[in-house]
Amino acid sequence: MAPAHPHDHAPDDHHGDHGHDHEHHDHGSAEQMAAWRDTDPSLWFTEAFWDDRYRERPIWSGNANQRLVETATELAPGRALDVGCGEGGDAIWLAARGWQVTATDVSPVALERAREAARAAGVADAITFEHSDGRSDWAPPAGAHDLVTVSFVQFPRAELTGFHRKLAAAVAPGGTLLITAHHADSHGGGETPFSAELFATAAEMAAGLDLGPDWQVSATDPTREAVVPPGPGGRPTTVRDAVLRAVRAPV
Ligand SMILES: C[S@@+](CC[C@H](N)C(=O)[O-])C[C@H]1O[C@@H](n2cnc3c(N)ncnc32)[C@H](O)[C@@H]1O
């Protein structure tokens, strides 16, 4: 998964009180960036690393990601899979709109926090939380979901296509695959601990997946507004995402 995380919210910025309704990921504080810099990159995608990070404090805003909102608002609710759900912002947003959601993450600490947030939001019955490692031989049930979404879970490039193929296989006929990832323009190189090569563009993700004629694919690298660093001291800035949307033909 991704070094998704130059984008942590500052501790006092949790629950999205920074005025961006759907803003979810911003550049992190210097302290949080240091956690990445001080950790061997081979450990960035493991349960131990993420549990440590989630134990320190809540990380994300609790809001749904903008790309999910853009994609799912018009969809009829059905069965959704949210992989790498973190603290549950996307899964809870979906459940509140009538979706039956399976939400997975490698971090039990994150899953417990997400469960609690789902209970507080009154949607716990609509979400099944599952502990699983996307880099293992875990694979979600084939063809079983009307929406499969993954937000900012970016494994090493060599593993990315294999991971994405598992997610595509989990989409039901007529269903939608949404992959939202960080883009090197905003998240790689420079002051970040991340190599620009770690980040694929949407076109590169689409080329890797090579979904074929049964799918309608849209691959874009749009920008969105964010506050960097998050919180009252931050300044509005523009960040770029890599967004792959693919709709599977109905049978
Ligand atoms: C940047 S966070 C994004 C969380 C959530 N999708 C969101 O947008 O708020 C990346 C998430 O991926 C999870 N993750 C990291 N490695 C993973 C792995 N190997 N398998 C499954 N999830 C993983 C982390 O625990 C973390 O919750």
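Where pLDDT is low, the predicted coordinates should not be read in detail.

This is a predicted model, in which local features need pLDDT of at least 70 and side-chain atom pairs count only at pLDDT 80 or more, while totals for chains, interfaces and linings use all residues. Residues are numbered from 1 along each chain as its sequence is written.

Now select the whole protein. Its mean pLDDT is 87, and 86% of its residues reach 70 or more. The secondary structure comes to 8 helices and 8 strands; these are DSSP runs numbered from the N terminus, helices being H or I of at least four residues and strands E of at least two. Among contacts between residues at least 6 apart in sequence, 71% join residues at least 24 apart.

Next, select helix 2 (residues 47-56) and helix 5 (residues 108-121). Their axes come within 7 Å and cross at roughly 45°; axes are lines fitted to C-alpha atoms, for helices over the stretch in contact, and angles run from 0 to 180 degrees between N-to-C directions. Helix 2 and helix 5 are therefore oblique to each other (under 35 degrees counts as roughly parallel, over 145 as roughly antiparallel, 65 to 115 as roughly perpendicular and the rest as oblique). Show the side chains of Trp50, Asp51, Tyr54 and Arg55 in helix 2, which meet Pro108, Val109, Ala110 and Arg113 in helix 5. By class, this contact has 5 nonpolar, no polar and 3 charged residues. Nonpolar here covers Ala, Val, Leu, Ile, Met, Phe, Trp, Tyr, Cys and Pro, charged covers Asp, Glu, Lys and Arg, and the others, Gly among them, are polar.

Move to helix 4 (residues 89-96), where 7 of the 8 residues are buried. They are Gly89, Asp90, Ala91, Ile92, Trp93, Leu94 and Ala95. Their packing partners include helix 3 (66-72), strand 1 (79-83), strand 2 (100-105) and helix 5. Glycine 98, which follows helix 4, has a positive phi near 100°.

Then pick phenylalanine 152, in the loop between strand 4 (145-151) and helix 6 (157-169). Is phenylalanine 152 buried or exposed? Phenylalanine 152 is buried, because 24 other C-beta atoms lie within 10 Å. Its C-alpha atom is separated by 4.6 Å from that of alanine 181, 29 residues apart along the chain.

Finish on helix 6 and helix 8 (residues 202-209), which pack at about 70° with their axes 9 Å apart. The two are therefore roughly perpendicular to each other. Leu160, Thr161, His164, Arg165 and Ala168 in helix 6 meet Met205, Gly208 and Leu209 in helix 8. The residues of this contact divide into 4 nonpolar, 3 polar and 1 charged.

Within helix 8, Ala202, Met205, Ala206 and Leu209 are buried. They cover an arc of only 100° around the axis, which puts them on the same side of helix 8; the arc is that of the directions from the helix axis to the C-beta atoms. These buried residues pack against helix 6, strand 5 (171-182), strand 6 (215-220) and strand 8 (235-248). Aspartate 210 follows helix 8, with a positive phi near 45°.

Terms used. Buried ≥ 20, exposed ≤ 12 C-beta atoms within 10 Å, placed from the backbone. Contact = placed C-beta atoms within 7 Å. pLDDT = per-residue confidence, 0-100.
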